[in-house]
Every structure is written in structure tokens, then in C-alpha cells.
Amino acid sequence: MPGTRNRSSYQQFNNKDYEGDEGNGQSQDSLDDVEEETVPAESNGNVRQEDDMRGNSPPRRFSKTCVKNVFTVLLIFIYLVLTAVAIFLAYQTISDFLSKLSQPVMSVSYKEVDSFSPPGIALFPDDAQLLSCKHHYHDNIPPLVDPGTPQEGDCEITEVTYFGPFTERKQKRAVVVRGPSDVKNKELIFMQFSQNETQEDFSAISYMLFAKFSDLIESANKSEFMRDCERNYSMWTFSGGFRTWVKMSLVKTSGRRSEAVEFRQESGVVKFNDKRSESEQTVQLFFVVFEWRDPYIQEIRLIVTANPWSSIGILCVVFMALFKAANFAKLTIKWIIKMRKRHLKHKARELNSIS
């Protein structure tokens, strides 16, 4: 009896549990089956997603790293090109500065004046004789009266004897005439010389122009002054039997350390119609006219176009560009090393997870 009572109570307990399970709509076996079916499915899904992520993530990382490396190499190449251009620009700037410094440029300007300082006209007649020297205006030269005979003159004349700078043993005689000054009224000086018959094939009189006649008058040693003038100024000539018309122009040259004054001239020659008798024609005549060409003084200045401040500014910009390029290269190298270390760390982590 006790055994039957225990068995019936056990069956009732099982029946109650079974009825409770039926009331809930599903049994324990069915739940176990559902769990066995869903869990593997979910676990398999998680495994597949992880496998997909593991399978897809390395190519993405590799592609990003590759693009970054290519971009970095491209930037380094661009900066290397810019650095080479900056170095070439610095070299070109320095070479241009040195070239302009050694080769100054001439700047020509013209200054208009009403009158010039009377120049000195030094003539070297040798055996010739000065017959006349007169001032005229407006190119009005009257006809000659008794050519070949001495006539009155109104010129200021000084004679100087000295030994030449190139022929020290030969004494020279210079007839120095005060030149014209009134360029506005076309002042000119007309001179004539005569020379007896000579054995030479050609006969000419040399002359020289220097800046100021007053410098000769005020000099303490006129001979030394004439030596210096002959050493520094050019010599010209005019021939006998002609009237030589000399038109002068003044040129002032300003150099780096000193200033120089020189004359440029244009000369025209006209044949003299000798109407003297044959006996008088044995004496050769020389005629010369000195006049200013125009009222302009030509001023030439040597200008160094090399500006040190602009060159220094360009070099500063170039060196700043070089500094920036070097700094960028340094940061780029650090970034590459950092990315390399990070890539190796991720790779080692993936290998550890797989193992």
C-alpha cells in the first residue's frame, strides 16, 4: 500500500507538470529542440560574420595603407622638386647679383644750358703762325680780307711750352685759346694760320680740347697742367688749304669713384678757293672754326643695377622654403615610421588571434 501510494503520487506530479507544460503551449522537449536549432544557427551566423570581417578587413587595411604610402611618396617627390627649384633659384640669384655688380649699366641723360664754361683750345702749330683769331655770332663769318696777312683779333690767348708726356726730350709749344661759351647765340671762334713751304708730303696742325680754360690760368704750373691734359685728352688735326668747321659737344661721365669730362666733335671740311697770286700761294693757309654743336650736356652715369636688398629678400624666401621642405620631410619620415609600427602591431595581433 505504501508503494502504490507513492507511485500514484509520482504519476500525479508528473501529470501536473505535463498539464502545466501543455497549458504553456509547448513541452520541455520542444524547447530543447528549439534551443538546439537556434543556438547553432546563431553561433554559426556569428562565426560567419566574424569570418567575413576577418576575411574582408585585411584587404581594406592594405588598400588604405597603400594609398597613404603612395600619397606620401608623391608629396615627398613634389617637395624634392620644389627644393631643387629653390636651390637653382638661389644659385641663379647669386650669380645674377655678382654679374650685375661687375657689369654696371650706363644711364645717359641730357642737360640743357644757355652757356658753357669756356673750354681751352690748345693748338700745336709747330712752324705755323697764327694770323688771326676772332669771335663771331650766328654763324656769320665775313669774307676774308687779305688772307695770309696778320689781322686784328679779340681772343684771349696764352702760350705754354712744355715737354710732352710721351716724348720727354722734345719740347712742345701750345697756343691755348679761350673757347666760345654763348651757345644760345651760336658764338664761334674763327682762326687762320699760315705756314711757309715745307718739305713734308702732308701738312696739318694738331689741336686738343680740355674742359675749362680757367683751370690753365689758375694753375700754378702751366707746363705740368698741359702735360696732364695731353695724357688724358685726345688729339685731332685739321689740314691746310681747307676750312675745318669743328662742332663740339661736352660729355660728363660719372664713374664709381671719379668724374671725367671729354669732348666729342663733328667736323666738316670746305675747300679754300685761293685767289692769291702764284708767288703768294707758296705760303700755305689753315682755317678752323670752333663752335658748340647744341646746348645739351650729355651726362653718362654708371649705375649698378644689382640691388642687394632685393637679392637678400629672394634668398630669405628661398631659404625659408628649404627649411619648410626639410621640416615637412622630417615629419613625413616620422609619420611613415609610426604607420609602419602600427601596421606591424596590427599584423602581430591578427597572428596571435589566429593562433
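The structure holds 1 cavity of 30 Å³ or more. A cavity is here a set of points, on a 1 Å grid over the protein atoms alone, where a 1.4 Å probe fits but cannot get out; lining residues have an atom within 4 Å of a point. Grid points are joined across faces, edges and corners, and the volume is the space filled by probe spheres set on the points. The coordinates are those of a predicted model, in which local features need pLDDT of at least 70 and side-chain atom pairs count only at pLDDT 80 or more, whereas totals for chains, interfaces and linings use all residues. Residues are numbered from 1 along each chain as its sequence is written, and side-chain values use heavy atoms, with hydrogens and water left out.

The largest cavity has a volume of about 40 Å³. Its lining consists of Tyr110, Ser249, Leu250, Arg293, Asp294, Tyr296 and Gln298. Two or more lining residues come from each of strand 9 and strand 11 (284-303), and strand 11 gives the most, with 4 residues. Sorted by class, the lining has 3 nonpolar, 2 polar and 2 charged residues. In this scheme Ala, Val, Leu, Ile, Met, Phe, Trp, Tyr, Cys and Pro count as nonpolar, Asp, Glu, Lys and Arg as charged, and the others, Gly among them, as polar.

The protein has 5 helices and 11 strands. These are DSSP runs, numbered from the N terminus (helices: H or I, at least four residues; strands: E, at least two). Of the 355 residues in the protein, 25% are buried, where buried means under 20% relative accessible area, exposed over 50%, and partly exposed in between (1.4 Å probe, protein chains only). Among contacts (heavy atoms within 4.5 Å) between residues at least 6 apart in sequence, 79% join residues at least 24 apart.

Strand 9 (residues 242-254) contains Thr244 and has pairings with two strands described here. Two strands pair if DSSP finds at least two bridges between them. Strand 9 is joined to strand 10 (residues 259-271) by 13 bridges in antiparallel orientation, with Val270 as the bridge partner of Arg243. A further 11 bridges join strand 9 to strand 11, and these two strands run parallel; Trp245 stands opposite Val289 of strand 11. Thr244 counts as buried, at 6% relative accessibility. Leaving aside residues up to four places away in sequence, Thr244 touches Phe238, Ser239, Ser267, Gly268, Val269, Phe287, Val288 and Val289.

Strand 11 is also joined to strand 6, by 8 bridges between antiparallel strands, and Phe287 is the bridge partner of Gln192. Strand 6 pairs with strand 3 as well, through 7 bridges and again antiparallel; in this pairing Cys133 stands opposite Met191. Strand 6 (residues 188-195) is largely enclosed by the rest of the structure, because 8 of its 8 residues are buried. Both faces are covered, with Leu188, Phe190, Gln192 and Ser194 buried on one side and Ile189, Met191, Phe193 and Gln195 buried on the other.

An open sheet of 5 strands has the order 4-5-2-7-8 and antiparallel pairing. Strand 4 (157-163) and strand 8 (235-239) are the edge strands, each pairing on one side only. From one strand to the next, the twist averages 30°. Helix 4 (residues 222-232) packs on the sheet and touches strand 2 (120-124), strand 4, strand 5 (171-178) and strand 7; the direction of helix 4 makes about 80° with that of strand 4. Angles run from 0 to 180 degrees between N-to-C directions, and axes are lines fitted to C-alpha atoms, for helices over the stretch in contact. Between strand 7 (residues 204-210) and strand 8, which run antiparallel, there are 5 bridges. Thr237 in strand 8 is the bridge partner of Ser206.

Positive phi values occur in two loop residues that are not glycine, Asp126 and His138. Asp126 has phi near 60° and is found in the loop between strand 2 and strand 3 (129-136). Asp126 is exposed, with a relative accessible area of 59%. For His138, phi is about 60°, and the residue is placed in the loop between strand 3 and strand 4. His138 is likewise exposed, at a relative accessible area of 54%.

Methods: 1 Å grid on protein atoms, 1.4 Å probe; cavity = no way out; pocket = protein on both sides within 12 Å on 5 of 7 lines; lining within 4 Å.
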